[in-house]
Amino acid sequence: MPALILGALVNPASVVADNHHGTIENVVASYGYLAEIRMKPYFMRAEVSYPPKEIVLLATKEEKALELWARNEGDFTFIRRYPISKASGGPGPKLREGDKQVPEGIYRITHLNPNSRFHLSMRLDYPNSYDLMRAAKEGRTNPGGDIYIHGKAQSTGCLAVGDIAVEELFVLVNTVGTEQASVVIAPHDPRSQPLDGFASNLPRWAVELYADISREFAKYPKGDI
């Protein structure tokens, strides 16, 4: 399934059938060659040598899009966009376990999981230090966790992508290293419309959070797409 998807239905039998790849090396052996064949034309068109040294994934809920940017030296260059077909929750940061919200913020990929129930997965560092600080100040003791970018088409609070897309991203992140991969998630694209941190459904500190997200997005000009 080539499209990136946030939450939908999938045949449970297919989820169980292919979740035991064993090791990251096995994943690369199984999917790496074809994944790189699919990705390299995008890098060639962007005039970025493959593999790059660093990547950034920009996710926007309203536009249902995930952009891949990469660089070797100098500025990041737009590589490609993946469509997102559905997102659980709505605009606003994740606050607690079970709220079904996709987090909003600036995150790192902490590790790759070759044995995900959802084909393959990459774990984000939610809650990061900022999320934990805000939770502590508000007395929230269970901000949730275990947020992944993963395959299949079933998810609550995670970024679920089709199997083909997660194979590409998994192989790419393994090649560049998790320490060189970051993910920025926004309610909508702040390069097109400013983020409204004062909306009534948001915590007061969303003004600060959305300013940080907007500064990150500004590093990747929409005119370069």
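Student: Which residues are buried in α5?
Tutor: In α5, those are A206, L209, Y210, I213, E216 and F217. Buried means under 20% relative accessible area and exposed over 50%, with a 1.4 Å probe and protein chains only. Keep in mind that this is a predicted model, where local features need pLDDT of at least 70, side-chain atom pairs count only at pLDDT 80 or more, and totals for chains, interfaces and linings use all residues. Residues are numbered from 1 along each chain as its sequence is written, and side-chain values use heavy atoms, leaving out hydrogens and water.

Student: Why do they line one face of the helix?
Tutor: Looking down the axis of α5, the buried residues fall within an arc of 115 degrees, so they line one face. The arc is taken from the directions from the helix axis to the C-beta atoms.

Student: And what's exposed on the other side of α5?
Tutor: R215 and A218 are exposed there.

Student: OK, pockets now. What lines the second largest pocket?
Tutor: Its lining includes E54, V56, R71, D75, E216 and Y220. β1, β4 and β8 each supply at least two lining residues; strands are DSSP E runs of at least two residues, and helices are H or I runs of at least four, numbered from the N terminus. On a 1 Å grid over the protein atoms alone, a pocket is an open set of points with protein on both sides within 12 Å along at least five of seven lines, and lining residues have an atom within 4 Å of a point.

Student: Which residues lie nearest the centre of the largest pocket?
Tutor: E97, G145, T156, G157 and C158, out of 15 lining residues.

Notes
1 Å grid on protein atoms, 1.4 Å probe; cavity = no way out; pocket = protein on both sides within 12 Å on 5 of 7 lines; lining within 4 Å.
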